[in-house]
Amino acid sequence: MNVTRGFTGRPRVHHPGLPPGQYDAGDDWPVLSAEVTPDLAAADWSFRIDGLVAEPRTWSWDAAHALAPSAYEGDIHCVTSWSKFGVRFGGVSLDAFLGLVRPDATATHAVAYSHTGYTTNLPLTDLTGGRAWIAWEYDGRPLPAEHGGPARLLVPHLYFWKSAKWIAGLRILDHDEPGFWEQNGYHARGNPWEEQRYSGD
């Protein structure tokens with residue numbers, strides 16, 4: 001994905017929920033990926049949490065679906081300047097997974113990684129308290145592969161590069177460890193309301 005500081009696109013339209021520098025994408029959902037979309041069947045998908053946890057664990061598709069379902073209804077924002085309002089994702093709250101592995105008291109961050117090898121870093125505080133999901137449905141249907149299906153990480157309060165597509169796992173750490181885009185000049189956290197697009201913003 002080629003992204004430059006000189007963002008161009010649609011005229012900015014005022015919306016009370018629109019962060020600075022964003023436009024309302026309406027019914028569009030642009031497809032932007034750092035990697036080629038994998039051919040990953042649900043039966044071959046798995047999700048693991050390890051690192052600074054009491055009980056490292058891996059879930060199969062069926063095991064993940066056996067956890068209590070949870071949904072997100074709200075907005076999403078991409079660093080390339082589009083936003084979508086009133087989206088609906090279904091899956092399981094990340095709190096359910098983390099509750100089973102029990103992160104250590106010293107844990108502060110996580111590196112999310114995809115089945116493709118993509119990585120992104122996040123503070124644990126952005127992944128807990130009902131703020132993040134493992135999502136496999138969009139608008140009541142299976143999540144399309146080009147948008148991260150069969151399952152993706154969903155962290156809707158941060159720019160969408162933090163919501164790793166084709167999620168494979170989390171490594172729980174006691175320090176911050178930059179991921180793919182963060183090593184290439186993007187901001188460590190990515191708060192849309194503070195326009196944390198690039199390192200130094």
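## Exercises on buried side chains, rings and strands

K162 touches T120, N121, L122, L153, V155, E182, H187, A188 and R189, where touching means heavy atoms within 4.5 Å and residues up to four places away in sequence are left out. Before we start: this is a predicted model, in which local features need pLDDT of at least 70 and side-chain atom pairs count only at pLDDT 80 or more, while totals for chains, interfaces and linings use all residues. Residues are numbered from 1 along each chain as its sequence is written, and side-chain values use heavy atoms, with hydrogens and water left out.

**Exercise 1. Work out whether K162 is buried or exposed, and find which backbone oxygen its side chain reaches.**

Step 1: K162 sits in the loop between β10 and β11. Strands here are DSSP runs (E, at least two residues), helices are H or I runs of at least four, and both are numbered from the N terminus.

Step 2: check accessibility. K162 comes out at 0%, so it counts as buried. The cut-offs are under 20% relative accessible area for buried, over 50% for exposed and partly exposed in between, using a 1.4 Å probe and protein chains only.

Step 3: follow the side chain. It reaches the backbone oxygen of A188 at 2.7 Å. That is a polar contact: N or O atoms within 3.5 Å, one able to donate a hydrogen and the other to accept it within protein, with neighbours in sequence counted only if both atoms are side-chain atoms.

**Exercise 2. R152 is buried; find what its side chain reaches and how far away the nearest opposite charge is.**

Step 1: R152 belongs to strand β10.

Step 2: look for a partner. R152 has no salt bridge, and E146, the nearest side chain of opposite charge, is 9.9 Å away. A salt bridge needs a side-chain nitrogen of Lys or Arg within 4 Å of a carboxyl oxygen of Asp or Glu. Lys and Arg count as positive, Asp and Glu as negative, and His and the chain ends are not counted.

Step 3: the side chain of R152 does reach the backbone oxygen of S163, at 2.6 Å. Its contacts include W29, W133, F160 and W166.

**Exercise 3. Classify the ring pairs W45–W136 and W161–Y186.**

Step 1: get the rule. Rings of Phe, Tyr and Trp (its six-membered ring) pair if their centres lie within 6.5 Å; planes under 30 degrees apart are stacked, over 60 edge-to-face, the rest tilted. The structure holds 18 such aromatic pairs.

Step 2: W45 and W136 have ring centres 6.5 Å apart and planes at 80°, so they are edge-to-face. They are 91 residues apart, with W45 in the loop between β1 and β2 and W136 in strand β8. Both are buried.

Step 3: for W161 and Y186, the centres are 4.8 Å apart and the planes at 85°, so this pair is edge-to-face. Both residues belong to one aromatic cluster, whose members include Y118, Y159 and F180.

**Exercise 4. Which strands pair with β6, and in what sense?**

Step 1: strands pair if DSSP finds at least two bridges between them.

Step 2: β6 (residues 109-114) runs antiparallel to β7 (residues 119-123) over five bridges, with H109 opposite P123.

Step 3: β6 is antiparallel to β11, joined by six bridges; there, V111 partners R171.

Step 4: check the burial. Five of the six residues of β6 are buried, so the strand is largely enclosed by the rest of the structure.
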